[in-house]
Amino acid sequence: MLHILSVNDLTDDFLYSLWSDASSRKGKSNNSLKGKVLTNLFYEPSTRTSSSFYSAMSSCGGSVIPINNVQFSSVAKGESFEDTVKTMSEMSDAIVVRHSDNGAANIAAQVSSVPIINAGDGNSEHPTQTIIDGFTIYNFFNKKLSGLRVTLVGDLKNGRTVKSLVKLLNRFDDNHFNLVSPDNLKLSSDLPKKYYETSDINEVLKETDILYVTRVQKERGSVHSYSLTINQLMSLPKNSIVMHPFPRVNEIPVEFDKDVRAKYFDQIRYSVWCRQILLERVMK
Ligand code: NCD
């Protein structure tokens, strides 16, 4: 049984084969998962992740049990997380779990009789966002995930997409990381092999191939507000790309959306392409 709990569960071969299938299929519908049922079990808010799993599953001919408001489920009656997971594993072929506790997906995997997909656990990991982020890089840098200057900016302490992305990119040769955050929001665990740390983005803008911007995670106790100006973004190298897992709050001005370097809406489109293939792999 293939659980997707961490980026460490994704081998390079698995990822390259998924990305290659995603780029040939490009989100097209088929009936590969007809008769299969996915449960979306979300204990935290979500727009993109839950909807793109829904979209991916339905475009493969399968169906989704959406539990997006746990306050209206038996959780409100005091049911344990483990019992909820066991219950849903009796009526579905895989479960997507988002939870505010680090390690929640691992707990789910211990009690579930079907594969668990971690859609974000606390400030720990978000491996399926990394599949999408990796695919975005694969797509815009000619299938290459090495030799890149990656500037990560924002809440590096509590942003789980950052932690998962660093784990992935750290596997490849010669990636250099610029870690840009206020002092109280620095990346503190799983530091990359080669990095430069600063709180001033202006120092590294011109030394950037990928600018990966994140939101300040207020719900995890992070305090700050962070915004890039249009002038800062315009000064990025011509061939660089700007990514953001979204939601954005004030980090990137809307004016920049039409710039060719802005790839954050491409990431959202790719989320369905990648999750279709991921669901097929997990449920086969
Ligand atoms: C992220 C998350 O939930 O970790 N969103 C997402 O899934 N694309 C990022 C965030 O909430 O800031």
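In this predicted model, a side-chain N or O atom of Gln129 lies 3.1 Å from a nitrogen atom of the ligand. On its own the ligand has 320 Å² of accessible area (Shrake-Rupley, 1.4 Å probe), and the protein covers 94% of the 320 Å².

As for the rest of the shell, the residues around the ligand (a heavy atom within 4 Å) include Arg98, His126, Arg160, Arg215 and Phe246. By class, the shell has 3 nonpolar, 5 polar and 3 charged residues, with Asp, Glu, Lys and Arg counted as charged, Ala, Val, Leu, Ile, Met, Phe, Trp, Tyr, Cys and Pro as nonpolar, and the others, Gly among them, as polar.

One shell member, Pro247, is joined to Phe246 by a cis peptide bond, with omega about 0°. Pro247 is in the loop between strand S9 (241-243) and helix H8; helices (H or I, at least four residues) and strands (E, at least two) are DSSP runs numbered from the N terminus.

H8 also takes part in one of the 15 salt bridges (Lys or Arg side-chain nitrogen within 4 Å of an Asp or Glu carboxyl oxygen). Glu280 and Arg25 pair up at 2.5 Å, N to O. Glu280 sits in H8 (residues 264-283) and Arg25 in H1 (residues 12-25), so the bridge ties together parts 255 residues apart in sequence.

Residues are numbered from 1 along each chain as its sequence is written, and side-chain values use heavy atoms, without hydrogens or water. Local features need pLDDT of at least 70 and side-chain atom pairs 80 or more, while totals for chains, interfaces and linings use all residues.

Definitions and conventions:
A polar contact is a pair of N or O atoms within 3.5 Å; within protein, one must be able to donate a hydrogen and the other to accept it, and residues adjacent in sequence count only if both atoms are side-chain atoms.
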